[in-house]
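I have the model open and my notebook beside it.

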Number of protein chains: 2
Amino acid sequence: MATEFQTATAVTRNDDGSYAGAIAPDWGINGNANGGYVIALAARAMADAAGRPPLTVTAHYLTPGRPGPCTIDVDVVRVGGRTSTVRALLRSGDVGVAALLGAFGEQVEHGASIVDAAPPELPPIGDCPATKPPNVESGFGDRVDARVRPSDLGFAFGEHSGRGEIAGWFRLDDPDVDEPTFDAFGLLLAADAFAPVCFQFPEVTPGHAPTLELTVHVRGTPAPGPLRCRFTSRFLQQGLFEEDGEIWDASGKLVAQSRQLALIPRPAG
Amino acid sequence: MATEFQTATAVTRNDDGSYAGAIAPDWGINGNANGGYVIALAARAMADAAGRPPLTVTAHYLTPGRPGPCTIDVDVVRVGGRTSTVRALLRSGDVGVAALLGAFGEQVEHGASIVDAAPPELPPIGDCPATKPPNVESGFGDRVDARVRPSDLGFAFGEHSGRGEIAGWFRLDDPDVDEPTFDAFGLLLAADAFAPVCFQFPEVTPGHAPTLELTVHVRGTPAPGPLRCRFTSRFLQQGLFEEDGEIWDASGKLVAQSRQLALIPRPAG
């Protein structure tokens with residue numbers, strides 16, 4: 001049975017080689033599609049054209065994604081033995097929503113396996129509050145279940161930690177499938193599902209933190225169960241901050257890394 | 001006076017909106033152009049089309065860049081108030097060398113400035129050996145002066161640190177200009193100028209570590225003087241490793257971050 005996420009990111013190939021899809025109305029916040037959802041939708045078309053799953057995808061957001069039909073123009077620029085390189089433009093009619101560039105290839109097991117890091121320590125999922133932003137219409141918040149570690153949640157109540165880190169659990173909240181297993185596309189979604197880390201700093205005025213660039217590296221195939229995510233930022237300067245993500249599966253394996261460059265929210269007026 | 005680096009990355013606009021340049025013969029290793037040099041060359045065309053300097057550039061390498069004339073096809077997909085989004089394909093005739101996607105915009109000073117990190121501690125530049133790989137023809141090694149911290153250099157003599165870090169000084173070695181100041185394009189070059197960090201691990205067989213994807217975020221305008229660079233890797237698995245770079249200027253300010261996803265070298269045969 002298809003999950004809600006699979007249905008909301010489904011694409012079909014047009015005769016001219018482009019892909020048809022739709023930005024679903026219920027995967028956004030205040031009517032604007034979530035950035036991870038947009039990347040997953042476009043990556044479905046790119047992966048279909050490549051005949052391979054995502055290994056790394058970079059997205060630049062051009063305009064907020066509004067619900068409705070969309071087209072994904074796809075250009076496979078290289079087919080190699082292990083990976084294919086694909087460019088794409090996701091557009092609503094003539095309005096560009098996102099430009100993407102990615103490499104697609106199967107996960108393989110070979111060579112050295114060295115990990116110098118550990119998943120974030122998290123209380124049981126039931127002890128971590130769901131985080132749906134207040135005073136906004138968030139279909140996205142109903143589709144996913146992002147549970148922030150209580151010690152990272154003070155910012156929501158004006159108690160900023162002053163530490164550039166937000167960690168928590170992540171799973172899909174599906175009406176028909178009990179805790180769907182993540183695939184590579186689900187990892188793309190997870191990479192942009194939590195609040196901006198810059199909210200942890202009292203010097204930052206809360207507000208929209210538009211992403212300039214988001215890159216996700218798929219580093220493994222997740223085991224069943226919820227994901228453990230950690231997002232950090234160390235450099236807020238020149239109006240910009242980076243946000244680095246680590247996504248770990250239930251077995252304790254790193255399955256994705258992400259980095260984005262985003263604008264620090266500007267005070268209103 | 002133009003520096004050697006400026007001359008080697010110069011481009012001119014063609015009537016059809018594409019750009020003409022040349023992959024210089026002396027910016028490669030064993031006849032293949034350095035990846036940071038390729039990104040800088042393409043970014044010159046992208047920045048000219050945008051009328052703005054690079055803020056973040058992502059490159060996917062398609063085939064090794066060989067010396068000779070090249071064309072950069074450039075497509076400005078969005079012009080915003082602060083940034084422009086640009087796609088590009090650098091090709092030698094019909095052979096694609098690199099596909100790129102970037103955002104271009106001026107450095108501005110506004111908002112919070114928070115840094116939770118420090119530049120790498122390095123001995124004086126004269127105490128750090130120049131690192132030109134043995135037994136290879138490296139024009140690149142003559143154009144730049146990359147000085148690795150002695151405690152990170154054991155790998156070159158079969159004494160692997162087992163620690164995923166290489167740090168060192170970086171400057172341009174110009175015949176006519178005494179220590180040229182870095183601009184944003186020079187930072188793109190610095191992001192791929194050191195040996196792959198995976199060489200620090202005895203489990204990794206030395207060899208070619210092809211980059212799948214390299215993203216550089218320009219985070220500031222460098223002060224005059226040599227750069228201090230730190231490259232780290234924490235996850236070698238599924239045949240791939242990430243390499244995270246921090247580039248600091250002589251005044252102690254972070255001026256660029258980089259991340260690449262690359263293939264762990266495979267044993268010969």
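**Entry 1: strand S5 of chain B.** I began with B:Ala59 and found that its bridge partner in S12(B) is B:Leu214. This is a predicted model, so I read every value as computed from it. S5(B) and strand S12 (residues 211-218) of chain B pair in the antiparallel sense, and I noted four bridges between them. I then turned to strand S8 (residues 95-104) of chain B, which is joined to S5(B) by seven bridges and also runs antiparallel to it. In that pairing B:His60 stands opposite B:Ala99. How many residues of S5(B) are buried? I found eight of eight, over residues 54-61, and wrote the strand down as mostly covered.

**Entry 2: strand S2 of chain B.** Next I looked at strand S2 (residues 19-23) of chain B and sorted its residues by face. B:Tyr19, B:Gly21 and B:Ile23 make up the covered face, while B:Ala20 and B:Ala22 make up the uncovered one. Strand S1 (residues 12-13) of chain B pairs with S2(B) in the antiparallel sense over two bridges, and there B:Thr12 has B:Ala20 as its bridge partner. The hairpin of S1(B) and S2(B) has five residues between the strands, and in it I saw that B:Gly17 takes a positive phi near 90°. S2(B) also pairs with strand S6 (residues 68-79) of chain B, antiparallel over five bridges. In S6(B), B:Ile72 stands opposite B:Tyr19.

**Entry 3: positive phi at Glu179.** I kept going with backbone angles. Most residues other than glycine have a negative phi, so I made a note of the exceptions. A:Glu179 has a positive phi of about 50° and is not a glycine. For B:Glu179, also not a glycine, the positive phi is about 45°. Where is A:Glu179 found? I located A:Glu179 in the loop between strand S11 (165-172) and helix H4 (184-190) of chain A. B:Glu179 is in the loop between strand S11 (165-172) and helix H4 (184-190) of chain B. For accessibility, A:Glu179 counts as partly exposed at 27%, and B:Glu179 is partly exposed at 29%.

**Entry 4: the nonpolar cores.** Which residues touch the most other members of the largest nonpolar core? I found B:Trp27, B:Tyr37 and B:Phe170, in a core of 71 residues. Helix H2 (residues 35-50) of chain B gives the most to this core, with 11 residues. I listed the contacts of B:Tyr37, leaving aside neighbours within four places in sequence: B:Ala8, B:Thr9, B:Ala22, B:Ile23, B:Ala24, B:Trp27 and B:Leu189. There is a second, separate core of 70 residues, with A:Val148, A:Ile166, A:Leu227 and A:Ile264 among its members.

**Entry 5: aromatic rings.** My search of the whole structure gave 16 aromatic pairs over all chains. One of them is A:Phe194 with A:Phe231, a tilted pair at 5.5 Å centre to centre with 40° between the planes. The two residues are 37 apart, so I checked where each belongs: A:Phe194 is in the loop between H4 and strand S12 (211-218) of chain A, and A:Phe231 is in strand S13 (residues 227-232) of chain A. A:Phe194 counts as buried at 10% relative accessibility, and A:Phe231 is buried at 1%. I also recorded one aromatic cluster formed by A:Phe5, A:Trp27, A:Tyr37 and A:Phe140. As for charges over rings, the charged end of A:Arg44 sits over the ring of A:Phe185, 4.3 Å from its centre. In chain B, the charged end of B:Arg44 sits over the ring of B:Phe185, 4.3 Å from its centre.

Entry 6: I placed A:Gly102 in strand S8 (residues 95-104) of chain A. Is A:Gly102 buried or exposed? A:Gly102 is buried, with a relative accessible area of 0%. Leaving aside neighbours within four places in sequence, I found A:Gly102 in contact with A:Met46, A:Thr56, A:Val57, A:Ser84, A:Thr85, A:Val86 and, from chain B, B:His60. I also checked A:Arg82, 20 residues away along the chain, and its C-alpha atom is separated from that of A:Gly102 by 13 Å.

**Entry 7: how the two chains are related.** Last, I superposed chain A on chain B with a rotation of 180° and 0.0 Å of shift along its axis, at an RMSD of 0.0 Å. The two copies are thus related as by a two-fold rotation axis. Which residue of chain A comes closest to the rotation axis? I found A:Leu101, with its C-alpha at 3.4 Å. Because 100% of the interface residues of chain A are also interface residues in chain B, the copies meet through the same surface.

Technical notes. Residues numbered from 1 in each chain as written. Chains lettered and ligands numbered in written order. Predicted model: local features only at pLDDT ≥ 70, side-chain atom pairs only at ≥ 80, totals over all residues. Heavy atoms only, no water. Least-squares fit on C-alpha atoms with pLDDT ≥ 70 in both. Contact = heavy atoms within 4.5 Å. Buried < 20%, exposed > 50% of the residue type's maximum accessible area, 1.4 Å probe, protein only. Pairing = 2+ DSSP bridges. Phe/Tyr/Trp six-rings, centres within 6.5 Å; stacked < 30°, edge-to-face > 60°. Lys NZ or Arg CZ within 6 Å of the ring centre and 35° of its normal. Core = buried A, V, L, I, M, F, W, Y, C linked by side-chain atoms within 4.5 Å.
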